[in-house]
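Have the structure open as you read along.

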Amino acid sequence: MHRDAPKHDVDEADLKVGKPKSYAAGIPGVAVSLKRGIEQMGPTRTALTLRLLNQRAGFDCPGCAWPEPRQVDGEKRKLAEFCENGAKAVAEEATRRRVDREFFATHSIADLRDKTDYWLGQQGRVTEPFVLREGATHYEPISWDAAFDLVAGELNGLASPHEAVFYTSGRTSNEAAFLYQLLVRSYGTNNLPDCSNMCHESSGAALAASTGIGKGSVTLADIHHADLVVVVGQNPGTNHPRMLSALETAKGNGAKVLAVNPLPEAGLMRFKNPQNVRGVVGEGTPLADEFAQIRLGGDLALFQAVGHLLLQWDEEAPGAIIDREFVQSSTHGYEDWAKNLLEIDWPETEKATGLPREQIEHVARMIATSERTIYCWAMGLTQHKHAVPTIAEIANLALARGMIGKPGAGLCPVRGHSNVQGDRTMGVWEKMPESFMDALDREFGITVPREHGWDTVDSIRAMRDGRGKVFFAMGGNFASATPDSDVTAKALSSCSLTVHVSTKLNRSHVVHGTTALILPTLGRTERDVQESGPQFVTVEDSMSQVHASRGRVKPASAHLISEVAIVCRLAERLLGADHAVPWRSFEKNYDLIRDRIAGVVPGCEDYNRRVREPDGFVLPNAPRDAREFTGTETGKGTFTVSEFEYPEVPAGRLLLQTMRSHDQYNTTIYGLSDRYRGIEDGRRVVFVNPDDLAELGIADGEIVDLVSEWRDGDRRAPRFRAVSYPTARGCAAAYFPEANALVPLDSVAEKSNTPVSKAVVVRLEPHHHS
């Protein structure tokens with residue numbers, strides 16, 4: 001066991017608050033990348049892994065899903081095709097630190113439960129399967145065979161397959177995801193919640209209705225050649241920093257950038273690219289030409305106001321603003337949309353957005369005069385009650401101006417997690433369409449269930465209520481990723497068995513059922529050798545490019561097996577050796593899996609040949625490729641009519657959003673430095689506008705409890721330091737997972753059922769030491 005993991009946990013008394021940065025990346029980003037790599041991996045492994053990260057002969061970053069440049073677009077990859085947080089992600093996975101038998105013998109489950117998420121994650125890679133038996137105080141080793149027998153026995157003992165929940169994280173490869181959903185459906189249920197349910201489900205719901213496909217309609221080259229890039233509800237500098245390079249290229253080609261966000265984000269203000277001279281010794285590149293500091297949840301009102309102005313200006317100069325030919329030939333519902341926006345209430349719009357009418361008109365002029373506009377967004381839009389209408393309103397603007405299926409223009413939901421989009425393409429969804437189910441039946445000679453399953457929120461409710469009895473997670477950290485932390489913990493603890501396929505220790509291993517299993521798997525960086533020889537896997541990036549990923553590092557332990565092997569071996573135990581699906585053959589040779597994907601998944605024909613091309617292949621996208629919208633109910637691009645809506649907050653309350661620190665990715669906490677916001681050595685902070693602090697009578701630096709208010713009562717998260725910060729008036733922000741306890745399980749987006757993590761009504765109360 002390596003002893004270089006932190007021996008002590010976080011002491012929030014050490015927290016330091018400094019001045020926020022006015023730029024992102026630069027030399028500090030390079031220095032942090034190398035420092036973290038050497039601390040976790042040592043110099044030799046750091047050099048090896050970073051050299052191969054996001055390269056054609058290497059492995060895909062286990063962090064975000066931002067795409068790489070393609071040869072077909074005449075673009076070249078850099079020698080360092082990664083960002084600071086990508087380097088941190090690799091360091092976490094390829095670390096020399098180990099969680100082994102000695103570790104679990106030393107630390108009881110009660111001891112581990114008291115540790116922070118940061119401390120748990122820093123202990124390192126799990127080396128072999130471990131079980132926590134009923135009533136036991138410590139995890140203990142278990143053989144793979146015994147582990148699979150335990151899971152299969154528990155699942156086969158249920159009264160119905162629908163009593164089991166099978167969760168998936170975006171880290172899973174296409175091959176593992178395809179087999180996983182095939183296993184679950186062969187077993188007899190569609191209970192396949194995944195991390196998309198908590199992030200971009202709202203994008204999928206809105207885009208499927210508007211354009212016929214729940215994915216974006218742009219490529220990386222489109223961003224490079226746009227006239228205007230609208231970045232809404234998104235922090236590229238932390239969540240997908242390589243996007244800053246794309247914006248820098250676009251700016252160099254003459255583009256303008258419009259940033260719409262409640263917080264001023266350093267990455268959108270100025271980017272110091274460490275791969276060019278200007279970023280090293282110069283001032284870097286100013287990115288945002290306009291910063292609209294929107295009030296949380298005011299985006300729908302903003303884009304409706306923009307639509308109103310575009311329509312008004314087009315009436316004054318017919319055809320100058322609206323692409324009337326495209327609207328007439330390729331869309332449906334335009335007249336209803338225009339009628340809905342004929343009149344707007346400007347005072348109410350200013351109240352909803354927190355923006356003056358003059359700035360809204362300026363934003364509208366930027367959109368009206370751009371010939372090639374791309375709209376990018378992330379969780380700042382998707383995690384609101386009215387998220388689906390908001391995204392649909394963005395699609396309305398793009399349709400009205402003919403900005404879909406046009407080079408340098410389109411819709412770009414920026415997926416956060418590597419291969420979260422690929423998981424969905426491969427069938428990990430609780431309500432896949434009938435055509436996909438029919439294809440599975442034909443390909444394998446089986447009959448899969450058609451009844452829709454539970455998504456993430458419904459799965460928590462089911463486990464809480466005793467209807468879900470076994471929880472199986474393929475990756476991820478469910479206990480920390482989900483809303484309403486106490487309710488989720490009670491739900492998991494109500495299960496007879498919880499199983500986590502993991503690389504590292506996390507919160508979900510200590511929030512467990514009557515019996516708990518940790519099944520350790522190979523990471524994206526590691527060599528995967530099966531009976532037929534070395535294997536590779538495939539992933540899909542945020543812009544529908546499917547490409548290969550080849551691990552090159554020696555596995556952390558000889559006892560680790562791949563996700564594919566875990567699924568195949570469990571399937572044989574659960575379904576029997578004579579099952580129609582050739583599970584054993586799939587484990588031996590991943591090409592055989594890809595041959596079957598080609599027979600089931602639309603757009604994946606000739607998969608094995610095409611994915612071996614230097615950049616893989618791009619999945620078809622009718623709106624992008626042919627300006628066709630065959631997937632909508634009308635067969636055309638569809639305008640959506642939405643009611644004016646925004647969250648209203650009682651006096652003395654704030655609207656809270658949960659967000660990431662710069663030193664984390666999703667629920668993985670890399671460190672305690674959010675240097676862009678000036679926070680060091682701690683995480684329990686709440687960012688509040690100084691005028692709001694004064695109005696509430698809270699001093700800058702005061703320790704407060706955050707109390708969220710919902711119809712079923714209050715939820716409390718204690719001991720947060722109030723930090724004066726230039727966020728929008730009436731709005732506040734705090735890191736997740738610490739603030740997830742404040743998000744009510746039943747506070748969800750309409751149509752998508754996504755937790756409303758960006759609009760939590762809270763009050764701040766002085767903390768009283770007990």
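In which sense do β22 and strand β23 pair, and over how many bridges? The two strands pair in the antiparallel sense, over two bridges. Please keep in mind that this is a predicted model.

**Around strand β22**

β22 covers residues 545-549, and five of its five residues are buried, so the strand counts as mostly covered.

| Strand paired with β22 | Residues | Bridges | Sense | Residue pair |
|---|---|---|---|---|
| β23 | 617-618 | two | antiparallel | Val 618 and Gln 545 |

β21 and β22 form a hairpin with four residues between the strands. If you walk along that link, look out for Ser 544, which takes a positive phi near 70°.

**Where two helices meet**

Now move to helix α15 (residues 299-316) and helix α19 (residues 357-369), which pack at an angle of about 60° with their axes 9 Å apart. Their crossing is right-handed. On the α15 side, the contact is made by Leu 302, Ala 305, Val 306, Leu 309, Leu 310 and Trp 313. From α19 come Ile 360, Glu 361, Val 363, Ala 364, Arg 365, Ile 367 and Ala 368. Sorted by class, this contact has 11 nonpolar residues, two charged ones and no polar ones.

Definitions and conventions: Residues numbered from 1 in each chain as written. Predicted model: local features only at pLDDT ≥ 70, side-chain atom pairs only at ≥ 80, totals over all residues. Heavy atoms only, no water. Axes fitted to C-alpha atoms, helices over the stretch in contact; angles between N-to-C directions. Left-handed = near helix turned anticlockwise from the far one by under 90°. Contact = heavy atoms within 4.5 Å. Nonpolar A, V, L, I, M, F, W, Y, C, P; charged D, E, K, R; others polar. Buried < 20%, exposed > 50% of the residue type's maximum accessible area, 1.4 Å probe, protein only. Pairing = 2+ DSSP bridges.
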